[in-house]
Amino acid sequence: MPSLLTLESITVGGRSQPRLDGVSLRLEPGERVALLGPSGAGKSTLIAVANGLLSPDHGQVLWQGEPRARRRRARRRQQARIGTLWQDLRLIEELTVQQNLNAARLAAWGWPRALLNLLLPLDSPACAAVLQRLDLDPALLNQPVSALSGGQRQRVALARLLRQEPLLLLADEPLASLDPRLAADLLTLLLELASPPRGLLLSLHRPDLLAGFDRAVGLRDGRLVFDQPCNRLEPGQLEALYAGAEP
Amino acid sequence: MRPAAPLWVLLPALVLLPVLALLPGISHGGGWELVGQFAAAALQPSLDPLVLGSVLGGLGITAGIALLGWAGSLALGLLLGIASSRVVWRTCTGSATPAGWIRRLLAVPRSIHELLWGLLLLQLVGLQPAVAVVAIAIPFGALVARVVSDLLDTLPTATLEALRSGGAPAPAALLTALGPPLLPQVISYSGYRLECALRSATLLGVFGLGGLGTELRLTLQSLAFRELWSGLWLLLAVMLLLEALLGWLRRRWAMPARLSLRQRAVGRQARELVAAGLGLLPLLALVAWRLEVEPTALLQWQGLPPLGPADWGAVASLPWPGLIANTVLLTVLAATLAVGLAPLLLLVVEPWPAAGVLLRGLWALGRLWPPPLTALLLLFVLQPGVLTGALALGFHNLGILGRLLLEAAETTGAPQQQALLAAGSGPRLALLYGRFSGLARPYLAYGAYRADVILRESVVVGLVGATGLGSQLLEALSSFAGDQLLALVLAYALLTLLGEDLSDRARLWLLETPHQETPHGDGHPQEAGGAWR
């Protein structure tokens, strides 16, 4: 089975201060990888390259062993298999939970379904199923997102990710600004969802949460500092990664 | 089944279906060659020094009229705005009742379009530069007054109350507590009014009140399309420069005013504002001198042809229901076309950046191109009537709404759109779901306000036989039928006041978001129509 995602010598930004500088990384199906590094290390840039929002200036991105498609439609099909959980969730406040969940299917839907969803929310059973999987009441489907609590919003964002049916889960600092209990819940859920054949690449600010991950990748100043199994990670490596960085 | 927010934005575009169905019935097809020549001439504007000299001269007059009319409207509007502010009356006299009366009085000059003021004044004092200036200053002044009083009455009053309870006299307390928060908003709004004044000055020119508008109309009527485009491109350049300059000044002065109180920028900003204000006075004097504007000449009324005894029977026999229905239909059609087409076109061009640039250019042309000229152009291929008038008015307002939509889209829903793109959604659907969701309410609220403006503007396409109160009014003006004129102006004023009330209600309903915990983007009511009069 080919790797889910392969980044080969990725460079983003000018030569004097690149945001990513020759970073190579491979992510296998079922693998759970934590991306570590101080602020400004290039973690968000790497996530943006991985989900296709950012094209690298140098280097190559392979999806399931194939280069990123150049044609729009094929590229969109590839991107539909990569789901991102954003730190600010990026839910659409004015739409209902169900319409938000279905927004994750827009890549597969044509205009008629997309418009109909705005009139009469579609696919209720599938939407209810993803909510139930995350212990959310299906009665929430008709609620506007703006009426949800913080914890519910986190889970609805996760449900939207599930509704997308991605093979690779990306998460950009999803635990930042969450209280410890919510952060622990969310991390557990994410690790559970990342079961084979799915993979997970999650950027983290807290090395103390590495327990459920297979591998840890350290980034600093846009460069790869380490990439190794979590159980072989030395405390000194983490200290060196964050040494002198702003708290 | 309730349509979600992004659909609201698209629903008005459904008006295209009946419009497209009706178009073949009113087209006569005789002038397509002329329209082709007009379009081709856009690429070959006349560079003849004589033409350019004449166009530049006309542009100078239009810009001068706009500047003077704008300055007059600001002075008038600020004074009347303060005079009609409830909080000012309450602080000074303890009762806000007089503010309400002044507001009601100001509704009359506001409801009459500057073109009507211009034509009425023209009848009274003859053709002179001051006519166009005053014609702009009166309705614009009344509009500025309403906005200033609305702004004053919605500012927080805690500081004012604290100062008053500390014994500060009313004028000083008002100036100290309300002046600083009011200033940036007034500056921002007055910049927008200057753009409107330039458009209005061009429009007044089309009706013979001098400047570039007159040149544009004459060249269009004599089919001198290359000369026409020389003027049009020049006007476009000036309009875009003005918009860019005002946008820059807004960002530099108005926007950061309350956020950077501890930065040195405030001192610099205040100095620049004072310098700009002081620099404006000699400039206004110079422009007035160059244009030979003599305010005293306005007092010398010319002899009117003898008015016969009022024939109220003839007034009553006017086809009032038809006139009013046509005016309302014209307004609704034009407003729906403009409101619906802007987001639809934005969606269509979304995947192609080059087409987006072209669309912006087309909208800029729509903004500055006076609707009567569009109507005249449409008459090459369409028969006169409500639909032709609505298309002309719709195109003009599409330019204004399109620009507003673009500005709002820049600050609303970008992260949501990006998230959808990252999940593989197509660019159009990402725009529809991601950005239009947040934009829907403020955009439609502005659209409701725009409909109210269009109702007032409907008089300007009366010239080309777009039947309704506007055309009847122009007929009454040219036949010196004073009784009909009075009745029609009153009917127009009443209708626009009613429209204003309806549009205010629609706006309030739209902006009354039921769940506002975490709105994204700005699009706050003031920008979305509250103050953009």
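## Exercises on a two-chain model

In this predicted model, 28 residues of chain B are in contact with 29 residues of chain A. Let's start there and then work through each chain.

**Exercise 1. Find which elements of chain B give two or more residues to the side that touches chain A, and say what kinds of residue sit on that side.**

Step 1: Look for the elements. They are helix 1 (5-10), helix 19 (414-422) and helix 20 (427-457) of chain B.

Step 2: Pick out the biggest contributor. Helix 19 of chain B has the largest share, with seven residues.

Step 3: Sort that side of chain B by residue type. You get 16 nonpolar residues, eleven polar ones and one charged one.

**Exercise 2. Work out whether chain B is as compact as a globular protein of its length.**

Step 1: Check what chain B is built from. It has 23 helices and zero strands.

Step 2: Compare two numbers. The globule rule gives 24 Å for 533 residues, and the radius of gyration of chain B is close to that at 24 Å, so chain B is as compact as a globular protein of that length.

Step 3: The C-alpha trace of chain B spans about 70 × 70 × 55 Å along its principal axes.

Step 4: Look inside. Of the 533 residues in chain B, 48% are buried. Take the contacts in chain B between residues at least 6 apart in sequence: 80% of them join residues at least 24 apart.

**Exercise 3. Now do the same for chain A: how does its radius of gyration fit a compact globule?**

Step 1: Chain A has eight helices and ten strands.

Step 2: Do the comparison. A compact globule of 247 residues would have a radius of gyration near 18 Å, and the 18 Å of chain A agrees with this.

Step 3: The C-alpha trace of chain A spans about 55 × 45 × 35 Å along its principal axes, and buried residues make up 45% of the chain.

**Exercise 4. Trace the partners of strand 4 of chain A.**

Step 1: Begin with strand 1 (residues 5-12) of chain A. It pairs with strand 4 (residues 58-63) in the antiparallel sense over five bridges. In one of these pairs, A:Glu8 has A:Gln60 as its bridge partner.

Step 2: Move on to strand 5 (residues 66-67) of chain A. Strands 4 and 5 run antiparallel and are joined by two bridges. Here A:Trp63 has A:Glu66 as its bridge partner.

Step 3: Check the turn. The hairpin of strands 4 and 5 of chain A has two residues between the strands, and A:Gln64 takes a positive phi near 50° there.

**Exercise 5. Is A:Ser146 buried, exposed or partly exposed?**

Step 1: Locate A:Ser146. It sits in the loop between helix 5 (124-133) and helix 6 (150-164) of chain A.

Step 2: Count neighbours. A:Ser146 has 19 C-beta neighbours inside 10 Å, so it counts as partly exposed.

Notes: Residues are numbered from 1 along each chain as its sequence is written. Chains are lettered from A and ligands numbered from 1 in the order in which they are written. This is a predicted model: local features need pLDDT of at least 70, side-chain atom pairs count only at pLDDT 80 or more; totals for chains, interfaces and linings use all residues. Two residues are in contact if their C-beta atoms, placed from the backbone, lie within 7 Å. Helices (H or I, at least four residues) and strands (E, at least two) are DSSP runs, numbered from the N terminus. Ala, Val, Leu, Ile, Met, Phe, Trp, Tyr, Cys and Pro count as nonpolar, Asp, Glu, Lys and Arg as charged, and the others, Gly among them, as polar. The radius of gyration is taken over C-alpha atoms; the globule rule is 2.2 Å times the number of residues to the power 0.38. A residue is buried if 20 or more other C-beta atoms lie within 10 Å of its own, exposed if 12 or fewer, and partly exposed in between; C-beta atoms are placed from the backbone. Two strands pair if DSSP finds at least two bridges between them.
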